[in-house]
Amino acid sequence: MPSLKEIKNRISSVNSTRKITSAMKMVASSKLHHAQTAIQNMLPYETTLEHILKSFLVSTPDADIPFDKPRQVRRVALLVFTSNSSLCGGFNNNVIKKMLEVIKEYKDQGLTDDDILIYPIGRKVEEKVKKMHLHAAGSFLQLADKPDSESCRQIAIEVGTKWMHGEVDKVEMIYHHFKSAGSQILTRRTFLPIDLEEQLYEDKARDLSMNAVTAKAQEYKRLHGKSYSEADGANVVPLNDDFIVEPDLPTVLRELVPKELHLMVYTALLDSVASEHAARMVAMQTATDNADELLRELNLEYNKSRQAAITNELLDLAGGAQN
């Protein structure tokens, strides 16, 4: 049985750890709020662009655009999104594991490491790519900390140019889709060739209204508070469908589709950043809860040991008095 001093030292150590995890949880919560705001600021542009593209697809379902032609896959590019730092649960490991599964899938089809080009966005995936001696397209560490629309546009242009010139035959993205503070969905998404109907009609639901990470807290907010969609639903203004297209629809689509590709990269980055902070908040909340439980057990053990020591001293005193 450990001594009282050993138990007291361990209580002090756990208390110090708990302070750190609690502070990190609060920092992650603040960063998550900023990440959610960035997504919310991007949504009007996404909504309007997708509405225009959907309207054009309805009027011209067989529009000829240069980015929708499937090819036999001989070379592949992967855009993989992770974080620059750790302590966010299985967030990074899940992305890297999915990337390795995709690489193995393509190697089983006859591709080699030289045929697979990776855009490692985030320190963790970049380190893994270097360790495995895979072919990287560059370093994008700054994007994982500070999402930048212009850098995403440059990546989309570079990837689109490679695809147009036949340097790659397929492009995929691997990232976490931010659904809510307590739910981030690991996503494997085809970037090129683009299927506009699939991209525009897929489920992109997000809950940007709360940072609750526990199931009970989320359920309470669902029952007693309004969600983001409910709160803003009353103020939705119908979009105008009366477009004047010049010089012609195929030409306009060829201009709009690169913008949609840029938006896909930027959206994936924002989703990944928000998911990282949400995962870290959940991990730190779990660590804090575990520390609380451990402290409760250690305090109970300390009190029992202290009481046993007091009892032994009283017995010794009683024994000495009788002698």
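Trainee: Is C88 buried or exposed?
Mentor: C88 has 3% relative accessibility, so it counts as buried (under 20% relative accessible area, with exposed over 50% and partly exposed in between, using a 1.4 Å probe and protein chains only). C152 is also buried, because its relative accessibility is 1%. This is a predicted model, in which local features need pLDDT of at least 70, side-chain atom pairs count only at pLDDT 80 or more, and totals for chains, interfaces and linings use all residues. Residues are numbered from 1 along each chain as its sequence is written, and side-chain values use heavy atoms, leaving out hydrogens and water.

Trainee: How many disulfides does the search find?
Mentor: Zero, over the whole structure; a disulfide is a pair of cysteine sulfur atoms within 2.5 Å.

Trainee: Which residues touch the most other members of the largest nonpolar core?
Mentor: L79, F81, V171, F191 and L192 do, in a core of 54 residues. Such a core is a set of buried Ala, Val, Leu, Ile, Met, Phe, Trp, Tyr and Cys residues joined through side-chain atoms within 4.5 Å.

Trainee: And what is L79 in contact with?
Mentor: Leaving aside neighbours within four places in sequence, the contacts of L79 include Y119, I155, V171 and V265, where contact means heavy atoms within 4.5 Å.

Trainee: What about a second core?
Mentor: A separate core of 16 residues has L78, V102, L111 and I174 among its members.
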